[in-house]
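Q: I would like a close look at one part of this model. Please keep it brisk.

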Amino acid sequence: MLKITMQSERWPLAEAFVIARGAKTEAHVVTVTLEQDGHIGRGECVPYVRYNETIDSVLGTLHAWSPNSDRLALLQTVPAGSARNAIDCALWDLEAKRTGAAAARRAGLETLAPVETCYTLSLASPAAMAAKALSVPHLKLLKLKLGGDGDPERMTAVRQARPDARIVADANEAWTVEMLEPFLTAAHRAGLELIEQPLHAQNDAALRGIPHLVPICADESVHTLADLAPLGDRYDAINIKLDKAGGLTEALRMSQAARELGLKVMCGCMVATSLAMAPALIIAQTAHWVDLDGPLLLARDRPCALDIRDGLIMPPAPALWG
């Protein structure tokens, strides 16, 4: 008999997190716990309003699910999104606890290696973002949250402050078509490695007709495996997030398909605790960029939290997940 329990939790952030769509001061997550034969598996998700999700809607989906241990059936019976992610990751964890075989090994990996994560700088003035970049000299991979007007100045200011850093940026759909070429030129001059989702997902066909001076990564434009095929002439990379894909099972399929299509992969996250990041570390093993800094943005984290040293994430302890 498989038993499910779920709850919503609030985790305060160390400081306000600001992107083009707004600001937050806490991570509001939903956790799922599955119990079978004395073994417990856990998963965590973040309902996201951009995708028409709320805490209540996710809890409703979880209450409607008929608990079973078939992850492949889960893909067919629960729609992609954060609720399915929490269930799927809890099933992977439960399987690890029941069998004694680590999730990474069952995903085809011998072991997990440490990975370097981006550290996100919230959207602010160029001077404020440069100052924040200077305040974390031990972190060598920075991710800038952009917002449209003023973005060339933001990218330039951070590069001048941190000539030693690798830099990527996320526009969160805030650019217009008219901004594309001049802003990409500014990104190229500032030595950025990647720009995420510059245009609204409905407008990304415009990416076909311009030079990609910096590789462009799909985020809001790609959720599941079914979304990949049309992206090849628009994007150079995709951001795989477990909450969008609906869990690790689908994310693994996406990662393999992206490689076959010649698309690079960023492994991303919502702002959440170490429990949400741990399953994504399996995807991160083969990703070109890793953005799993959610725990670094929190005022506090869970027991047995991920060990993150100067931006390097160590494999999770079994007591946390997997």
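Which residues in α5 meet which residues in α6?

A: This is a predicted model. On the α5 side, the residues in contact are P126, M129, A130, A133 and L134. On the α6 side, they meet E153, R154, A157, V158 and A161.

Now the geometry of the pair. Helix α5 covers residues 126-134, and helix α6 covers residues 151-161. Their axes come within 8 Å. They cross at roughly 30°. Angles under 35 degrees count as roughly parallel, and α5 and α6 are therefore roughly parallel to each other. The crossing of α5 and α6 is right-handed.

For context, here is a sheet elsewhere in the chain. It is an open sheet of three strands, in the order β1-β2-β3. The pairing is antiparallel. β1 spans 3-19 and β3 spans 39-45. Both stand at the edges, each with a single partner strand, so one side of each has no neighbour in the sheet. From one strand to the next, the twist averages 20°.

Take the pairing of β1 with β2, which spans residues 22-36. These two strands run antiparallel and are joined by 13 bridges. One of the bridge pairs links M6 to V32, with V32 in β2.

Key. Residues numbered from 1 in each chain as written. Predicted model: local features only at pLDDT ≥ 70, side-chain atom pairs only at ≥ 80, totals over all residues. Heavy atoms only, no water. Pairing = 2+ DSSP bridges. Helix = DSSP H or I, 4+ residues; strand = E, 2+ residues; numbered from the N terminus. Axes fitted to C-alpha atoms, helices over the stretch in contact; angles between N-to-C directions. Parallel < 35°, antiparallel > 145°, perpendicular 65-115°, else oblique. Left-handed = near helix turned anticlockwise from the far one by under 90°. Contact = heavy atoms within 4.5 Å.
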